[in-house]
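Reader: Hey, I've got a structure to look at for class. Can you walk me through it?

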Amino acid sequence: MQNPKQRYRLRAPGSGREAIAEASPGGVYVDRESGEEMTAISAILPLAPSESALIRTPENLRACNRCDQLIGLDVSDCPYCGLRQEPADSK
Ligand SMILES: [Zn+2]
């Protein structure tokens with residue numbers, strides 16, 4: 001298994017902030033910035049375990065320019081390194 005941990009989209013119910021992190025279904029996680037509880041709302045492809053985890057890049061993800069982690073297109077700040085992300089629809 002190259003990708004034993006599943007990534008989930010996490011959402012903070014109060015602020016609506018979202019992040020992507022390795023998580024477990026039903027787990028509760030805390031937004032590192034606001035301290036708000038975040039709950040996993042959906043799994044992020046590729047599903048683990050997956051042999052194609054390293055080559056598949058879902059269209060709704062992009063790589064952070066600084067840390068190269070895959071993050072959601074609608075995430076304003078990288079959940080891994082905090083880098084401010086450019087708007088996804090900027091051309
Ligand atoms: Zn980053």
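Reader: Which residue stands opposite tyrosine 8 in β2?

Author: Tyrosine 8 faces alanine 21 there. Strands here are DSSP runs (E, at least two residues), just as helices are DSSP runs of H or I with at least four, and both are numbered from the N terminus. Two strands count as paired if DSSP finds at least two bridges between them.

Reader: Is this an experimental or a predicted model? And how are residues numbered?

Author: This is a predicted model, in which local features need pLDDT of at least 70 and side-chain atom pairs count only at pLDDT 80 or more, while totals for chains, interfaces and linings use all residues. Residues are numbered from 1 along each chain as its sequence is written.

Reader: What about the bit between them?

Author: The hairpin of β1 and β2 has six residues between the strands, and glycine 16 takes a positive phi near 80° there.

Reader: What does β1 do on the β4 side?

Author: Another five bridges link β1 to β4 (residues 37–44), again antiparallel. Arginine 9 stands opposite serine 42 in β4, and arginine 11 stands opposite threonine 39.

Reader: In what order do the strands sit in the sheet?

Author: Four strands make an open, antiparallel sheet ordered β2-β1-β4-β3. β2 and β3 (28–30) are at the edges with a single partner strand each, so one side of each has no neighbour in the sheet. On average, neighbouring strands are turned by 45° against each other, direction ignored; the axes are lines fitted to C-alpha atoms (for helices, over the stretch in contact), with angles from 0 to 180 degrees between N-to-C directions.

Reader: Is β1 largely enclosed or open?

Author: Largely enclosed by the rest of the structure, because four of its five residues (7–11) are buried. Buried means 20 or more other C-beta atoms within 10 Å of a residue's own, exposed means 12 or fewer, and partly exposed is in between, with C-beta atoms placed from the backbone.

Reader: And glutamine 6, why is it called partly exposed?

Author: Because glutamine 6 has 18 other C-beta atoms within 10 Å. Glutamine 6 is in the segment before β1, and its C-alpha is 5.6 Å from that of glutamate 22, although they are 16 residues apart in sequence.

Reader: New topic: which residues make up the largest nonpolar core?

Author: There are ten, including Tyr8, Leu10, Ile20 and Met38. β1, β2 and β4 each supply at least two of the core's residues, and β4 gives the most, with three. Such a core is a set of buried Ala, Val, Leu, Ile, Met, Phe, Trp, Tyr and Cys residues joined through C-beta atoms within 7 Å.

Reader: Last one: how many helices and strands are in the protein chain?

Author: Zero helices and six strands.
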